[in-house]
Every structure is written in structure tokens, then in C-alpha cells.
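Trainee: I would like to go through the labels used for this structure and ask what stands behind each one.

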Amino acid sequence: MKTWISFLLPDDEYKERSILYFYAEGAILLVIFLLLTIIFSNFIAVDYQLIILIALGIFGLYVVIRYSLSGMEYTEVNSEQAFKKELKLLTTKTTSFTIIFLLLYILLVEYPTRFQDLYDLVGLLCSVALVWFMIGFISLKSSYQKNKKLTD
Amino acid sequence: MKNRVKITRVMLNMTQGELARQVGVTRQTIGLVEKGEYNPTLQLCVAIAEALNKTLDDLFWEVGKE
């Protein structure tokens, strides 16, 4: 089937179909949230900028969480050795991202002059890195468990 | 959907990975098809049948449902 969304979909047909379901489920949740917002906006003052951010968050988070829990990201990880290798790679990627982002921020955006600024920046960066690592780890663990059951 | 993909593949001494590469999907997809946890498209059924040198009936037709 020809569709403009193809560029967001993988080649593998099982993954393609599953991800389409996740997008569709996320879109329905988004519509429900927006309908509820319209109804409640008659009774309470609504900050539309915040509502748009929450709506995007609902869709994005839903798709990411469903994808991570589905165990379809790491299709080739079916042994303890492969699991450890991918875990090491994930740790390296997360650490590299944190260091590169911190350096680029200091070089291009702002050099934190006060201790409080540096503390805020490092705290935010560590939180993002931790969430990223946790999502990756959950996805890896789910994939490993799923693949173990499917491998002969 | 029950099928005879796994038994046929094992008889041909082929691994899941080899079959996956031949039909252009992931090893996980082959595993799901073999376990009957994913119903493949007709296109994938044909590709699997060709890779295993069998007909669709040989692999996917359930005896007793005729």
C-alpha cells in the first residue's frame, strides 16, 4: 500500500504493522485528550501552549513506551552474550551523548558562571540521560526475553 | 495460525537467521510466524514457501479444515 507515512516505518512487515498500531492507538488517545480539553475549557481557564505540549507528550510517550515494551527493537539479541554487548553499547551511547551535549552547551550556548547554573545544567542532563538509558534498557530486556522464547 | 514452517526449515538444516535473510525480514518475525503468534501477509508466505522450496499448501494449510 502506498502511503506518505512509509518513511517512518521499518522494512520488516511485523514491525511495520505493529508500529502502525502504536501510531493509531496514540492518535486515538490524542483525540480523546483534545475532546476532553474542549469540554473542560468551558469550565476552567486553559493554557493552550501547555495543552499542546501535553498533547504532543501523550502521543510521543505512548508510542515510545509501547515500542519499548513490545520487545521488537533488538531483533537479533537472543543470547546472554549479545545482551551484554548491546547493554555495553547502550551505556557508551548514553555517556557519549551526555558528555557531547554538555561540551556543546558550554561552548555554543552558555558557559555557566555560577555554581547553581552548572548544577541545574548537569542535573537536567543527567535526568535526560537516565530516562534515555532506562527506556533503552527496558526495550533491550523486553527484546531479549521475547527473542529467547522465539529462538529454537 | 498453525503452520509447518519450523519443521520444514529444520528438515532443511536452515537456521531462523538464514531464512530471515532470504525472505528479507528479521529473525524475530520468523520466530513469531513459526510459533503462530503472527499471521504473515500473503507476500511473506510466498517468500517463505519459495525459500523453503515448498508450496503454500505444504506450509500453511491446516489438515482437517477442508
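Mentor: The model is predicted. Begin with Thr8(B), which counts as buried at 10% relative accessibility.

Trainee: Why is Thr8(B) called buried?

Mentor: Buried means under 20% relative accessible area. Thr8(B) has 10%, so the label applies. The residue sits in helix H1 of chain B, residues 5–11. Leaving aside residues up to four places away in sequence, Thr8(B) touches Leu52(B), Lys54(B) and Leu59(B).

Trainee: What makes Ile28(A) exposed?

Mentor: The cut-off for exposed is over 50%. Ile28(A) has 54% relative accessibility and therefore counts as exposed. Ile28(A) belongs to helix H1 of chain A, which covers residues 13–40. Ile28(A) is also one of the residues of a nonpolar surface patch, together with Leu29(A), Ile32(A), Leu36(A), Ile39(A), Phe40(A), Phe43(A) and Ile44(A). The accessible area of that patch is about 800 Å².

Trainee: Why are Arg66(A) and Glu25(A) called partly exposed?

Mentor: Partly exposed lies between the buried limit of 20% and the exposed limit of 50%. Arg66(A) has 31% relative accessibility and Glu25(A) has 29%, so both labels follow from that definition.

Trainee: How many salt bridges does the structure hold over all chains?

Mentor: There are 4. Another of them is formed by Arg27(B) with Glu76(A), where the closest N and O atoms are 3.6 Å apart.

Trainee: Why is the pair of Arg27(B) and Glu76(A) said to join two chains?

Mentor: Arg27(B) lies in helix H3 of chain B, while Glu76(A) lies in the loop between H2 and helix H3 (80–109) of chain A, so the pair joins two chains. Arg27(B) counts as partly exposed at 21% relative accessibility. Glu76(A) is partly exposed too, with a relative accessible area of 43%.

Trainee: What makes Glu34(B) and Arg9(B) a salt bridge?

Mentor: The N to O distance between their side chains is 2.5 Å, and the limit is 4 Å, so the contact qualifies. Glu34(B) is in helix H3 of chain B and Arg9(B) in helix H1 of chain B, so the pair ties together parts that are 25 residues apart in sequence. Both Glu34(B) and Arg9(B) are buried.

Trainee: How do you know that there is a cavity to be counted?

Mentor: The count takes cavities of 30 Å³ or more, and it comes to 1. The largest cavity has a volume of about 40 Å³. The lining of the largest cavity includes Thr75(A), Asn78(A), Asn147(A), Gln16(B), Arg27(B) and Gly31(B). Helix H4 (115–150) of chain A and helix H3 (27–35) of chain B each give two or more residues to that lining. H3(B) gives the most, with 3 residues.

Trainee: Which residues lie nearest the centre of the largest pocket?

Mentor: Met1(A), Glu13(A), Glu16(A), Thr41(B) and Gln43(B) do, out of 17 lining residues. The volume of the largest pocket is about 410 Å³. H1 of chain A and helix H4 (42–51) of chain B each supply at least two residues of the lining, and the largest share, 4 residues, comes from H1(A).

Trainee: What makes phi worth noting in Asn13(B)?

Mentor: Most residues other than glycine have a negative phi. Asn13(B) is not a glycine, yet its phi is positive, about 55 degrees. Asn13(B) is found in the loop between H1 and helix H2 (16–23) of chain B.

Trainee: Why is Asn53(B) called exposed?

Mentor: Asn53(B) has a relative accessible area of 70%, and exposed means over 50%, so the label holds. Asn53(B) lies in the loop between H4 and helix H5 (56–60) of chain B. The phi of Asn53(B) is positive as well, near 60 degrees.

Notes: Residues are numbered from 1 along each chain as its sequence is written. Chains are lettered from A and ligands numbered from 1 in the order in which they are written. This is a predicted model: local features need pLDDT of at least 70, side-chain atom pairs count only at pLDDT 80 or more; totals for chains, interfaces and linings use all residues. Side-chain values use heavy atoms; hydrogens and water are left out. Buried means under 20% relative accessible area, exposed over 50%, partly exposed in between (1.4 Å probe, protein chains only). Contact means heavy atoms within 4.5 Å. Patches are made of residues with over 30% relative accessible area and no salt bridge: like charges are joined within 9 Å, nonpolar side chains (Val, Leu, Ile, Met, Phe, Trp, Tyr) within 5 Å. Accessible areas come from the Shrake-Rupley method with a 1.4 Å probe; for residues, only the protein chains shown count as cover. On a 1 Å grid over the protein atoms alone, a cavity is a set of points where a 1.4 Å probe fits but cannot get out, and a pocket is an open set with protein on both sides within 12 Å along at least five of seven lines; lining residues have an atom within 4 Å of a point. Grid points are joined across faces, edges and corners, and a volume is the space filled by probe spheres set on the points.
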